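Please read them with the structure open beside you.

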Amino acid sequence: SPHRTLKDLVEAAKRRPGTISVGSSGIGTDDHLGLTLFEAASGTEFIHVPYAGAGPVRNAVLGRQIDVAGLNLGEIGMLGQENPALRAIAGMGEQRWELMPEVPTFREEGFDVLMSSERGLGAPRGIPDEIARRLEDAIAKVIATPEWAEKVRQLELAMAFLRGAEWEAQMPAQLARYQAIWQRTPWQ
């Protein structure tokens with residue numbers, strides 16, 4: 001790929017508007033929303049190609065069916081490889097990922113784009129606080145073990161633990177953020 005930096009990608013997209021294809025793991029996913037934010041921040045337009053998951057996106061970019069792939073950094077599969085098949089050009093996190101410290105953030109590259117992939121465990125609303133606290137404590141205990149840290153590293157996952165109240169407290173701001181993205185660029 002000729003795109004070694006976000007600047008390269010933006011310059012190419014501005015020279016040839018609407019001709020560079022970017023794959024995502026589906027409509028409305030973090031990859032797709034990140035692409036939408038990137039287009040707005042950079043004044044570019046890409047061809048969005050949604051797939052049914054990260055595996056097909058990875059295969060499509062490796063098979064040169066698309067130009068660029070929006071993937072979680074761990075899905076790129078660069079760690080421990082001398083010559084990885086894919087090249088990460090930027091991450092959408094607030095700071096560089098400790099497992100790929102050489103990969104700059106979008107903000108470092110001059111584009112105000114933040115997006116992350118969130119996963120969590122849920123329980124029915126109204127469970128007793130004591131039960132919720134015990135579950136959170138058990139999860140926190142496991143995440144603090146060296147075995148967990150090693151497995152996370154092997155799987156190339158970025159992890160950040162939030163207790164239920166912390167996660168819920170950020171939800172109104174997240175909802176407003178996603179609604180603003182939708183208002184600017186609704187998708188089908």
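1. In this predicted model, the buried residues of helix H1 are Leu-6, Leu-9, Val-10, Ala-12 and Ala-13. Because they cover an arc of only 165° around the axis, they lie on the same side of H1.

2. On the face of H1 that is turned away from its buried side, one finds the exposed residues Lys-7, Lys-14 and Arg-15, whereas the cover over the buried residues of H1 includes H2 and strand S3 (68-69).

3. The largest nonpolar core has 20 residues, and those touching the most other members are Leu-6, Leu-9, Ile-20, Phe-38, Phe-46, Phe-106 and Phe-111. At least two residues of this core come from each of helix H1 (6-15) and helix H2 (30-42), and H1, with five residues, gives the most.

4. Which residues does Ile-20 touch, not counting residues up to four places away in sequence? They are His-3, Leu-9, Ala-12, Ala-13, Phe-46, Ile-47, Asp-67 and Val-68.

5. Strand S1 (residues 21-24) and strand S2 (residues 47-50) run parallel and are joined by four bridges, with Gly-23 standing opposite Val-49 in S2. Between these strands the chain passes through H2, and the β-α-β crossover from S1 to S2 is right-handed.

How values were computed. Residues are numbered from 1 along each chain as its sequence is written. This is a predicted model: local features need pLDDT of at least 70, side-chain atom pairs count only at pLDDT 80 or more; totals for chains, interfaces and linings use all residues. Side-chain values use heavy atoms; hydrogens and water are left out. A nonpolar core is a set of buried Ala, Val, Leu, Ile, Met, Phe, Trp, Tyr and Cys residues joined through side-chain atoms within 4.5 Å. Buried means under 20% relative accessible area, exposed over 50%, partly exposed in between (1.4 Å probe, protein chains only). Contact means heavy atoms within 4.5 Å. Two strands pair if DSSP finds at least two bridges between them. A crossover is right-handed if, with the strands pointing away from the viewer, the path from the first strand over the helix to the second runs clockwise. The arc is that of the directions from the helix axis to the C-beta atoms.
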